[in-house]
Amino acid sequence: MLNNDLHTSGKAGEHDRRDGHAPGNRFLGRVVACSGSRATVAAVAEQGGTDLTELWSVGRLISISVGRNRVVALVYQMNTGSHAWGEGEDNYFRIETELLGEVRVDEDGREEFSTGISCYPYLGAIAHRIRAADLVRIYDAGEGTTAVIGKLTQDESIDAAIHIPSMLSKHFAVVGSTGVGKSTAVSLLLHKAIAANPKLRVLILDPHNEFAAAFPNHAVTIDTDTLDLPFWLMRLEEFAEVVFRGRPPVPEELDMLRDILPEAKRAFRGSDNSLVRRTTEKSSITADTPVPYRMADLLALIDERIGRLEGRTEKPFLRSLKMRLIAAINDPRYHFMFSNNTISDTITETIAQIFRVPGENRPICTFQLAGIPSEVVNSVASVLCRMAFEVALWSEGAIHMLVVCEEAHRYIPSDPSLGFVPTRQAIARIAKEGRKYGVSLGIITQRPGELDQTILSQCSTLFAMRLANDRDQEIIRSAIPNSSISTTSFISSIGNGEAIAFGEAISVPMRMRFSRVDESLLPKANSANNKNSEEDPDTVDLRKIVTRMRAVSVGPDISNFQGSYTASAAGPDEADAADEDLDATPYAPPSPSSAPLESYRRELLPQTPRLDPAAQPAIDPRLDALRREMRRDEPVFPRPAPPTDQPVISRREPGTSLRESILKKPLSSLYNKD
């Protein structure tokens, strides 16, 4: 229920003044108990009337007069003394409240709200409806840098405003169950953030491909078709996640990769001039240094180690590592990492595209992760978060970066044994040190109970939407130091689009409802409910779906790579020529109509050769007679006969058969005594 007698002008009207116990006044009850943080108010409903009780409700603010000042309290529980309601008789009830702050009145009459309380309510102090002017003072976040994001639930005529610099100076989080409007709320907050700070650069890790529709004029969309994320930008652990397809790496193969990667990076720099070569030799290049290298050089170095005489125990691991690398290169799903565009040093272009430097009036980048293979999503997220921190760090404050992680519990789970360690470390570094260098973090999750509590506790501003799980509610209570059960007790029952806002961007916790976003700016995913398509299951082209599943239409052309690899294995001179051809040849996807199909030709099938009897060489008659005699006299044993190409030695006596000769000999002569 809304208070119709409240105003947003900040001036007290006739209805804001108390006039004793006259009908229609603001008198509600009196304080009967008080502690350091809470107070109990007793009230009475005369003759069973509900005119006064309708002004009480959980989550509503009241004020308690203490001399010239007014203490602000939040209602969180109500009950009657008899646990029943009497019709036509007086009903006594008690209201439990939490003390939030105080409206102080100075000597000159100026009023100001403060979260501290200078004088606590005394027993018998009058509790009354809060003035509209006091509500305006309580939720006023300042001028110039505030943004209106909705309306107060207690009074929809009063704006719910937040302080944008306070929200972005540290970190913020939006939590809530599925379907309560988290994505819509985040879109509204980001629109307000870029309007208040034009220098802000936003990177959204979008696992559901839904935020692109929310920023049609302010964002660029990067997916697997438009992404060129070079493999050499990854550190060793991130690259091992790609090579081993998300499985635990083999320690021996990982150690070999750590030794070979610096050599491949130095081999790429070998074609530079002498000055650059001397500078490179002085500086140390490790497996984690973001320096370009060619996969052809890496495989050639592996082949070189395989061909050495020493280290025979390493060869099986080297061959296995080589097969893993070739399998990753040939996988069409990894085209964004191993395409021809990722061979040269394109780190500047990659940073400019992803982190919007310069922004070109599009400061937001929605990085769609749905099309990236699941086994390398963690590596890609780790690279992006790590690069965001480093870009802001080395820009010396010139770039203010905001990294928004949708479904954050995937990357930073509460269980340390789960998740990808480099991704957890990259996000944790932003959460702990990012505010010093201008990197902010936005956490969005539907399961705060499965989120790393260290990361959540670093969020200074939190918007808690409806949460039905008890563990998730308990996590929210423990993550915010200034909150209590009275403030978060109704999280499980608030409506869609409604939230309880805490933190530094809001002076006091407030229950508010987010503003409605225009239909054209709503986040939309490619689901059956959001996508309007003229096709249905009866008319859809299933071959196109299968082609996209196999990724054959956008598969990488590795012919240039194979040529460069072959040339590097052949010799250094030929390798340089192959590299020149590789860099000079632009990537062109094969056209399906350029190669016509050949007609069926039977002679191309594998044929079984037929032997011509006339063409066979003649056999010596004496050899033929010997073979016939051996077949006739030779005993039949279960094991196969010896090959015919070996000479047969006969030790039988003249005039006897082979069997009789063997039977007459002693048994000791049939085996080797040595």
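Analyst: A residue counts as buried under 20% relative accessible area, as exposed over 50%, and as partly exposed in between, with a 1.4 Å probe and protein chains only. At 0% relative accessibility, Ala264 is therefore buried. The model is predicted: local features need pLDDT of at least 70, side-chain atom pairs count only at pLDDT 80 or more, and totals for chains, interfaces and linings use all residues. Residues are numbered from 1 along each chain as its sequence is written, and side-chain values use heavy atoms, with hydrogens and water left out.

User: What share of the protein's residues counts as buried?

Analyst: Of its 674 residues, 44% are buried. The accessible surface, computed by the Shrake-Rupley method with a 1.4 Å probe, where for residues only the protein chains shown count as cover, comes to about 36,700 Å². Carbon and sulfur atoms account for 51% of that surface.

User: How many helices and strands does the protein have, and where is Ala264 placed?

Analyst: Helices (H or I, at least four residues) and strands (E, at least two) are DSSP runs, numbered from the N terminus. The protein has 20 helices and 18 strands. Ala264 belongs to helix 5, residues 251-268.

User: Which residues does Ala264 touch?

Analyst: Contact means heavy atoms within 4.5 Å. Leaving out residues up to four places away in sequence, Ala264 touches Tyr293, Asp297, Leu298 and Leu301. Ala264 and Asp297 are 33 residues apart in sequence, while their C-alpha atoms are 5.6 Å apart in space. Across the protein, among contacts between residues at least 6 apart in sequence, 72% join residues at least 24 apart.

User: Is helix 7 largely enclosed or open, and why?

Analyst: Helix 7 is largely enclosed by the rest of the structure, because 10 of its 12 residues are buried. Among them are Asp297, Leu298 and Leu301, three residues that Ala264 touches. The expected span of a helix is 1.5 Å times one less than its number of residues. Helix 7, residues 295-306, reaches 17 Å from its first C-alpha to its last, close to the 16 Å expected.

User: Where does His409 lie, and is it buried or exposed?

Analyst: His409 lies in the loop between strand 14 (400-405) and helix 12 (421-437). Its relative accessible area is 13%, so His409 is buried. A polar contact is a pair of N or O atoms within 3.5 Å; within protein, one must be able to donate a hydrogen and the other to accept it, and residues adjacent in sequence count only if both atoms are side-chain atoms. The side chains of His409 and Thr445 form such a contact at 2.8 Å. Beyond neighbours within four places in sequence, His409 is also in contact with residues including Gln446, Arg447 and Leu451.

User: Which peptide bond is cis?

Analyst: The bond from Val357 to Pro358 is cis, with omega near 0°. Pro358 is in the loop between helix 10 (347-354) and strand 13 (364-368).
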